[in-house]
Structure formats: structure tokens, C-alpha cells
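Please read it beside the sequence and the model.

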Amino acid sequence: MEHISEQELILKYNRVYGQVIRQERRKRKLSLEELSSGILSRTALDKVEKGKTKWTKLTGDTLMLRMGVLPEYFESLSSGDELDRWRMREDICLLVPGKPEAAEKKLKEYREKYTKREPLEERFLLKAEVMLMLSHVEAKLRNTLHQGQKIQEQARIKNETAVLLDKARQAADCTIQGDWEQYLAKCRLSPGELEAVLLVSAALFLDGSEDRAWALWQSVWEYPQANNWKERAMVMILPQAAALGLRQACASGKPAGSPVMPGLPGESIGAGDGKLWKCCAETAATAMYCLCWMPCAGWMQWLSGCRAIWNRPGNFGICSG
């Protein structure tokens, strides 16, 4: 029996996968530049499609997801090194919600161990850091409001929200090019990239820019349907958007029994009024997402019976990249 190395096997397998990427891209009438923007050069993607170069599973999966296609339908292979990196990212994902110090330590370990990282990895690390900062700043804001702390403390928190917003934008900028805050609909993005945009929305909200936060949230909410994603791809981002929308509505003082968002397209996915939120929660509102972004106990109680249905770490954006 002929012996074949790991790298040779991956290259041979991914040569077929590259052909699938090309077929899907052409089916959607996308140029090489549109699909590869922020991840690969046009030339690199052309080589990927022709099977003339090595590339990572993370890159291949993201290219497919940018087209609204689940990579599980056309699985690519990963090397031992890629698998080790994925496992460490999964560890970080699991630590973020309840063990921030351990998460920070693991993030530092990842950066030190893997000094050569692709943009998608860097985005993951920044998103995890933003999640940790977000929880920290929100806790401070709640304490300030409850205890009526001095103006100096409020000013210090304002500075922290500005730093948070800057880091959230850095995470999105890793793979999203151009003036994406104004023209998000024109970008070709994956669920993980859209989640980075949601984090910018959350940071804008904390920074006091509620109108801009809602506008960005709305762009993310409408994106999957506008790009004809399949339902199974939609649930990789819409529940996160719903969770953030609930959080922001709660922080805005909306009635606990009636979440209402500006311009919410409930009818667009066959659900109106509260049915939309129940649908999203039952589909994919992960425990980690709720714990990180849902400080209101009333919302947590409402979601507690639904979130276990999709309680897999990989469905939260920072775990998938």
C-alpha cells in the first residue's frame, strides 16, 4: 500500500474542495476579489481553487460561510497543528463566560505559542478579548448607576468604553476591509465576521451611541436574508443578534415582557411579534452568549428553557473564528 504523508493527503483532498469553492463562487457570480477580501489575495484564492497551494481548514470554512454555505456539506481536512490550535481556541471559548482570569491566561498562551497567525485567528483572539472587556465594563457601569459614584469614576468608565470600542473595531477590521460600518451590505462576510460587527454594536451602545449601535445591529440582522443564506447558516448569527438586541432593549428600559427593536424584520423570516425571539432562542441562544450579554435576570429566566437545545461552543462566533 502506497504511503502518503499528512500534507500530501490534505493537499490532494483540498484540491477537490477548491473546485467546490470555485463552483459555489461562480454560481453566485462573485469575483475572486469579492470572496477573498481580507482573507487572501486574489491570486492566492485562484491558486486555492486550482489546488496549487496549501491553505487551512479555517480559511476554507470561512470562504464557504461567506457564501452562506455550511462547510459541513463540503468538509475540508485539517493538519495536526490546525487541530491543536482549534482545541486551544475551544478552551478559550469555554473559559470566557465564567472564568475571565483563566481565559486571559489562555489567550496569552495562544499568542505566545502561535506567533505566526492568519487574520482569522487574530480576529478570534480580539473577539475573545472584547467579550472579556465587555463584561468588565458592563459590571462597572451597573455598579456606578447603583451606587451613584462620583463624576470622576464615570469619566474613567467612559474612557474604558472608548478602548473597548477601538478593540472591537480592530477585531472586525482583521478581515473586513473598507468603510464597512457604512456599507456592510456590500461586503461578503461569514457569521463569525458578522459577530465581530455585533461586538462593535455592543461597544457603541455602551459608549452612548445608541442610534449608531441599532443601525449596525439592523445591518447584521438583515444580512443573511439579503444574501440568500440557507436557514442552517442563518442560525449561526441570527440568535447572537437576537441576544444582543434583547440585551440592548433591556438596557434601554424596554418592558420585560415585550422586546421591541427598531425596524425588526419579524415577518421576513415568517415570525412576528414575540415569536421571532422564541424562535431564535430555541434555535441557538447559547448559554455563554446569554451569560455574557444578558445582565437582566428576567431575560435570563425566559431563555433558560431554550438555550440548551443549541448549547454547543462551536456555535458561538469566537469559537468558530
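1. Basis of the note. The structure is a predicted model, in which local features need pLDDT of at least 70 and side-chain atom pairs count only at pLDDT 80 or more, while totals for chains, interfaces and linings use all residues. Residues are numbered from 1 along each chain as its sequence is written, and side-chain values use heavy atoms, with hydrogens and water left out.

2. The chain as a whole. The secondary structure comprises 16 helices and zero strands; helices (H or I, at least four residues) and strands (E, at least two) are DSSP runs, numbered from the N terminus. Of the 321 residues, 50% are buried, where buried means under 20% relative accessible area, exposed over 50%, and partly exposed in between (1.4 Å probe, protein chains only). The chain exposes about 15700 Å², of which carbon and sulfur atoms supply 52%; these areas come from the Shrake-Rupley method with a 1.4 Å probe, and for residues only the protein chains shown count as cover. A contact means heavy atoms within 4.5 Å. Among contacts with a separation of 6 or more, 71% join residues 24 or more positions apart.

3. Helix H4. This helix spans residues 57-66 and is mostly covered, with nine of its 10 residues buried. The buried residues include Leu58, Asp61, Met64 and Arg66. Just after H4, Gly68 takes a positive phi of about 75°.

4. Glu193. Leaving aside residues up to four places away in sequence, Glu193 touches Thr62, Arg66, Arg123, Thr175, Ile176 and Arg188.

5. Helices H9 and H12. The axes of H9 (residues 191-206) and H12 (residues 238-251) come within 10 Å and cross at roughly 5°. Axes are lines fitted to C-alpha atoms, for helices over the stretch in contact, and angles run from 0 to 180 degrees between N-to-C directions. H9 and H12 are therefore roughly parallel to each other, as angles under 35 degrees count as such. On the H9 side the contact involves Glu195, Leu198, Ser201, Ala202, Phe205 and Leu206, and on the H12 side Gln240, Ala241, Leu244, Arg247, Gln248 and Ala251. By class, seven of these residues are nonpolar, three polar and two charged.

6. The loop between H10 and H11. Asn227 is placed between helix H10 (210-226) and helix H11 (231-234), and its 16% relative accessibility means that it counts as buried. The side chain of Asn227 reaches the backbone oxygen of Tyr223 at 3.0 Å. Asn228 lies in the loop between H10 and H11 and counts as exposed at 67%. Asn228 has a positive phi of about 60° although it is not a glycine.

7. The loop between H1 and H2. Lys29 is found between helix H1 (6-27) and helix H2 (32-36). Lys29 is not a glycine, yet has a positive phi of about 60°; at 72% relative accessibility, Lys29 counts as exposed. Arg28 and Asn227 are 199 residues apart along the chain, and their C-alpha atoms are separated by 9.8 Å.

Conventions. A polar contact is a pair of N or O atoms within 3.5 Å; within protein, one must be able to donate a hydrogen and the other to accept it, and residues adjacent in sequence count only if both atoms are side-chain atoms. Angles under 35 degrees count as roughly parallel, over 145 as roughly antiparallel, 65 to 115 as roughly perpendicular and the rest as oblique. Ala, Val, Leu, Ile, Met, Phe, Trp, Tyr, Cys and Pro count as nonpolar, Asp, Glu, Lys and Arg as charged, and the others, Gly among them, as polar.
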